[in-house]
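Here are some friendly notes to read with the model open beside you. Take the points one at a time, and find each residue on screen as you go.

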Amino acid sequence: MEKMREYKETNHSVVFKSRTDLSFYSAGHEVCAPGQHYGPKFRAYQMIHFVLSGKGRLEVAGRTFELQAGDAFLVPAETVAYYEADGEEPWHYAWINFLGITSRQYLLELMEAADETYVLRGLPVQKYYATIQEVLPLDASSISDYLLANSLTLYIFSQLFYDTGFDHSSVHKGSVAEEVKLYLDVNYYEPLQIQQVAWQFGVHPNYLTRIFRAAYGVGPKEYLTQLKLKKAETLLATTSYPVTVVADSLGFEDGFAFSRLFKRKTGFSPTAFRQRAEGRENTSGPGDIFEPIPGG
């Protein structure tokens, strides 16, 4: 068996795909080496990996999941994730990545229906692998093959909703606090206002703050700020994006306000934090002051 193969459609730009309803980006499979890992990093597309054999570990949103054959893990776009093959039984997995206006909503619905949010257990993964194998021989520059890849992506989604027993009427099965936390976890990059979020979930902002604090030890506004700043730390440490791009990608409309907030919370400016993370600056200043995100 070949160790790794990927098909990536190249006839359309990422910008074009992001503006469609749902658009295929890439698919493939890989037999990983012991301890082989990716990240921590974020991607501009939604991602689903199916574990075909072996074991591995996923770290996302402050949580760790141990995975094995029959599992799938879901990572929304712009979400920092790290995953690693087991040292003794490294996994063989297949993946499909996609973009589009409704792509996040489809993924979010699967995540909301899942018991573990980012992980689906007990799937007939070989069925999904067979579909992904149909994608791999396609011509990356062919429009007809691009449309075929899109149809196979839709087929995979239809099977996921079927195999998970998705029931739209029971998706929002958790408490309001749990629903809001998940909403913040996957939409943190938007310029969210907690008052608007509260009204969206049909509760008064004061009530939301009270129940959220009771569940997670902090209010939703503070939770969102901590989440954004933890994401900022990761982006600054692992990418070369300008500070303004980091701020914008996390929903800060004002780069200067982001820099002030970041320095107030960490003791470093974003640039100084990046330099420190890269080992270019020896300093004894404050480190990462944040505790793990509550409930993460």
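1. Where is the place of Thr 117? Look in the loop between helix 2 and strand 10 (119–120). Keep in mind that this is a predicted model. Most residues other than glycine have a negative phi, and most peptide bonds are trans. Thr 117 has a positive phi of about 65° although it is not a glycine. Thr 117 also counts as buried, because its relative accessibility is 14% and the cut-off for buried is under 20%.

2. Now for the overall picture. The chain holds 11 helices and 10 strands. Of its 296 residues, 49% are buried. If you take the contacts with a separation of 6 or more, 74% of them are between residues 24 or more positions apart.

3. The peptide bond that joins Gly 39 and Pro 40 is cis, with omega at about 5°.

4. Is Thr 79 buried or exposed? Thr 79 is buried, with a relative accessible area of 2%. You will find Thr 79 in the loop between strand 7 (72–75) and strand 8 (81–85). Its side chain reaches the backbone oxygen of Pro 76 at 3.3 Å. Setting aside neighbours within four places in sequence, Thr 79 is in contact with Lys 41, Phe 42, Val 60, Arg 104, Tyr 188 and Lys 231.

5. Compare that with Lys 127, which belongs to helix 3 (residues 125–135). Lys 127 counts as partly exposed, at 27% relative accessibility. Apart from neighbours within four places in sequence, Lys 127 is in contact with Tyr 155, Gln 159 and Asp 163. The side chains of Lys 127 and Asp 163 are joined by a polar contact of 2.8 Å. Gln 159 lies 32 residues from Lys 127 along the chain, and the C-alpha atoms of the two are separated by 9.2 Å.

6. Next, trace helix 4 (residues 143–163). Its 21 residues reach 30 Å from the first C-alpha to the last, close to the 30 Å expected at 1.5 Å a residue. Among the buried residues of helix 4 are Asp 145, Tyr 146, Leu 152, Ile 156, Phe 157 and Gln 159.

7. Helix 5 (residues 176–187) is worth a careful look. With 12 residues, helix 5 reaches 16 Å from its first C-alpha to its last, close to the 16 Å expected at 1.5 Å a residue. Why is helix 5 described as largely enclosed by the rest of the structure? The reason is that 10 of its 12 residues are buried. These include Ala 177, Val 180, Leu 182 and Tyr 183, as well as the charged-looking stops on your tour, Glu 179, Lys 181 and Asp 185. What covers the buried residues of helix 5 includes helix 2 (103–113), helix 6 (194–200), helix 7 (205–216) and helix 8.

8. Two packed helices are described by the angle between their axes and the distance between the axes. For helix 7 and helix 8, the axes come within 8 Å and cross at roughly 65°. Leu 208, Thr 209, Phe 212 and Arg 213 in helix 7 meet Pro 220, Glu 222 and Tyr 223 in helix 8. Sorted by class, this contact has 4 nonpolar, 1 polar and 2 charged residues.

9. Helix 8 (residues 220–238) also packs with helix 10 (residues 255–266), at an angle of about 95° and with axes 11 Å apart. That angle makes helix 8 roughly perpendicular to helix 10. On the helix 8 side, Thr 225, Leu 229, Ala 232, Glu 233 and Leu 236 take part, and they meet Phe 258, Leu 261, Phe 262, Lys 265 and Thr 266 in helix 10. By class, the contact has 6 nonpolar, 2 polar and 2 charged residues.

10. Finish at helix 11 (residues 270–277), where the buried residues are Pro 270, Ala 272, Phe 273 and Arg 274. These pack against helix 8, helix 9 (243–249) and helix 10.

Definitions and conventions. Residues numbered from 1 in each chain as written. Predicted model: local features only at pLDDT ≥ 70, side-chain atom pairs only at ≥ 80, totals over all residues. Heavy atoms only, no water. Helix = DSSP H or I, 4+ residues; strand = E, 2+ residues; numbered from the N terminus. Buried < 20%, exposed > 50% of the residue type's maximum accessible area, 1.4 Å probe, protein only. Polar contact = N/O pair within 3.5 Å; in protein donor to acceptor, adjacent residues only side chain to side chain. Contact = heavy atoms within 4.5 Å. Axes fitted to C-alpha atoms, helices over the stretch in contact; angles between N-to-C directions. Parallel < 35°, antiparallel > 145°, perpendicular 65-115°, else oblique. Expected span 1.5 Å × (residues − 1).
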